[in-house]
Amino acid sequence: MQLADFSTSIWSILPPLLALGLAIITRKVLLSLSVGIIVGALMLSSGNIFEGLNYLFDRVSSLMFSFNENDQFVLNDNNVNIIIFLLLLGILTSLLSVSGSNQAFAEWAQKHIKGRRGAKIMAACLVFVTFIDDYFHSLAVGAIARPVTDRFKVSRPKLAYILDSTAAPMCVLMPVSSWGAYIITLVAGVLAEHSISGYTPIGAFMSMSAMNFYAIFSIIFVFIVAYFSFDIGPMARHEKLALEQHDLNEVEQNVVKGQVRNLILPIVVLIIATIGMMMYTGNQVLSADGKPFSVLGAFENTTVGISLVTGGISAVLISTILILLAGKLNFSDYIKAWMVGMKSMLGAILILFFAWTINKVVGDMQTGTYLSGLISGNLSPALLPTLLFILATVMAFSTGTSWGTFGIMLPIAAAIAVNAAPELLLPCLSAVMAGAVCGDHCSPVSDTTILSSTGAQCNHMDHVTTQLPYAIILASATICGYLIIGFTESPLLGFITTAAVLFALIFIVKKR
């Protein structure tokens with residue numbers, strides 16, 4: 001089937017714009033995504049309904065499987081493994097709940113964590129343990145922190161905000177993470193393409209991370225919001241409602257009495273098994289290429305999906321063994337916990353499936369190509385970091401994928417900078433990294449946003465609307481920082497400017 005070409009047409013932004021606009025207006029995510037998907041399919045098939053249906057079938061089926069040139073069945077390992085991992089996390093969360101471990105941890109936390117502020121800061125601090133992958137962080141930390149934040153009447157949208165604002169921002173800054181390894185690979189290609197020998201890929205990445213103002217200040221902002229209870233817009237309403245309602249962790253008198261170690265051990269095993277499998281799968285690739293083992297090299301070549309599944313299975317097995325040793329849960333309740341856990345993840349999986357589908361449609365519409373073409377060579381070089389940040393934000397917001405934005409925008413940003421302002425190469429690449437995280441952070445169709453809602457077990461659109469004001473404040477400060485970098489070529493002045501503007505905006509909004 002020959003798809004219509006929208007690479008130079010403003011109409012390429014219509015499907016994502018429809019989906020995003022309807023999601024915000026109607027708060028019905030699946031309906032909104034369906035409209036965007038159907039409109040995109042009809043546009044790509046030039047209005048032919050039957051070809052549009054055939055196109056949709058091909059794209060939806062390719063999310064799970066495909067056939068290679070020899071007509072051999074090939075499973076889409078990454079997507080399948082992410083779904084399996086979600087189901088395993090649902091099962092683990094349910095097992096921790098029915099075994100009484102969540103309740104025991106909440107009671108322990110009530111004795112050791114002093115108030116709502118401590119609960120929020122604890123949730124934020126866990127990112128320093130779980131930064132290896134954003135999916136892993138959002139779901140694992142959600143499972144650990146939710147009983148504690150519930151006990152101290154922290155709203156679920158606030159927890160989702162903490163998860164989302166520490167997940168991608170921390171992963172994108174760390175070279176030893178799935179994100180860092182991916183970006184370093186892209187940067188290596190960019191440097192080789194333009195014969196740039198002044199930086200190593202890892203050295204360039206670290207310099208870019210130091211100028212990734214959105215990610216750095218996103219993490220700082222989370223701690224400010226947590227410590228000072230800086231609640232604005234819809235978040236203030238949800239926090240007030242959480243304070244007024246009864247203890248979310250109230251349970252019946254016949255609940256199983258659990259132990260804190262029965263929660264901590266499965267989570268520790270989840271982390272260790274996941275990291276271990278990442279090292280193993282990455283080392284396999286290194287060995288096949290005749291390269292020596294290195295931690296960074298292993299992360300760069302790891303298979304994230306199978307590593308997450310291995311960690312999930314290991315955690316469920318350990319939780320099961322602990323339940324058997326305690327002997328307080330019968331077989332029928334154990335099986336019921338599995339069913340409840342998997343059922344709890346079906347909504348998230350469905351939204352994720354629709355988000356993957358519209359990402360396919362947006363890719364075929366060449367929305368990213370059109371948006372990237374909006375920057376011309378006639379603009380002032382000093383404005384490049386700021387414009388690239390804004391464009392990357394719009395692209396990631398529209399497509400729901402920061403990784404896709406990295407893949408499209410980093411080579412384009414490098415080509416523009418090398419020709420227009422070589423001295424701004426790294427700031428321009430850093431601006432793309434920051435913008436991709438910002439757009440992904442705000443987008444209702446972003447998988448990270450979806451999984452943060454899932455980890456916190458809150459309404460997805462509640463999370464989107466409560467997080468948006470914080471993201472806008474942070475993006476505004478970041479724009480000012482990149483303007484200063486563009487005109488002064490000083491990362492330090494850009495950092496100071498971002499910090500000053502951010503604190504000024506916080507003060508102004510708090511006053512009002």
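Predicted model: local features only at pLDDT ≥ 70, side-chain atom pairs only at ≥ 80, totals over all residues.

C428 is a buried residue, at a relative accessible area of 0%.

**Helix packing**

Two packed helices are described by the angle between their axes and by the distance between those axes.

*Helices α7 and α21*

- Helix α7 covers residues 134-151 and helix α21 covers residues 447-456; their axes come within 8 Å and cross at roughly 15°.
- Angles under 35 degrees count as roughly parallel, and α7 and α21 are therefore roughly parallel to each other.
- The crossing in which α7 passes α21 is right-handed.
- On the α7 side, the contact involves D134, Y135, S138, L139, G142, A143 and R146.
- On the α21 side, the partners are D447, T448, L451, S452, T454, G455 and A456.

*Helices α10 and α20*

- The axes of α10 (residues 201-210) and α20 (residues 425-442) come within 8 Å, with a crossing angle of roughly 65°.
- This angle makes α10 roughly perpendicular to α20, since the range for that description is 65 to 115 degrees.
- The crossing of α10 and α20 is right-handed.
- A204, F205, S207, M208 and S209 of α10 make the contact with L426, L429, S430 and M433 of α20.

*Helices α8 and α12*

- Helix α8 (residues 156-173) and α12 have axes that come within 8 Å and cross at roughly 125°.
- With that angle, α8 is oblique to α12.
- P157, K158 and Y161 represent α8 in the contact, where they meet M235, H238 and E239 of α12.

*T466*

- T466 is located in helix α22, which spans residues 460-488.
- The relative accessibility of T466 is 0%, so the residue counts as buried.
- A polar atom of the T466 side chain lies 3.1 Å from the backbone oxygen of H463.
- Leaving aside residues up to four places away in sequence, T466 touches P157, P234, M235 and H238.
- Among these partners of T466, P157, M235 and H238 also take part in the contact between α8 and α12.

*S12*

- S12 belongs to the segment before α1 (14-26).
- At 0% relative accessibility, S12 counts as buried.
- The backbone oxygen of S9 and a polar atom of the S12 side chain are 2.9 Å apart.
- With residues up to four places away in sequence left out, S12 touches F6, M365, Q366, T367 and Y370.

**Loop residues with positive phi**

*S229*

- S229 is not a glycine, yet its phi is positive, at about 50°.
- The loop that holds S229 runs between α11 (213-228) and α12 (234-244).
- S229 is partly exposed, with 29% relative accessible area.

*Q457*

- Q457, also a residue other than glycine, has a positive phi near 55°.
- The loop between α21 and α22 contains Q457.
- Q457 counts as partly exposed at 41% relative accessibility.

- I25 is part of helix α1.
- I25 counts as exposed, since its relative accessibility is 69% and the cut-off for that class is over 50%.
- I25 and T405 are separated by 380 residues in sequence, and their C-alpha atoms are 25 Å apart in space.

Definitions and conventions
Residues numbered from 1 in each chain as written. Heavy atoms only, no water. Helix = DSSP H or I, 4+ residues; strand = E, 2+ residues; numbered from the N terminus. Buried < 20%, exposed > 50% of the residue type's maximum accessible area, 1.4 Å probe, protein only. Polar contact = N/O pair within 3.5 Å; in protein donor to acceptor, adjacent residues only side chain to side chain. Contact = heavy atoms within 4.5 Å. Axes fitted to C-alpha atoms, helices over the stretch in contact; angles between N-to-C directions. Parallel < 35°, antiparallel > 145°, perpendicular 65-115°, else oblique. Left-handed = near helix turned anticlockwise from the far one by under 90°.
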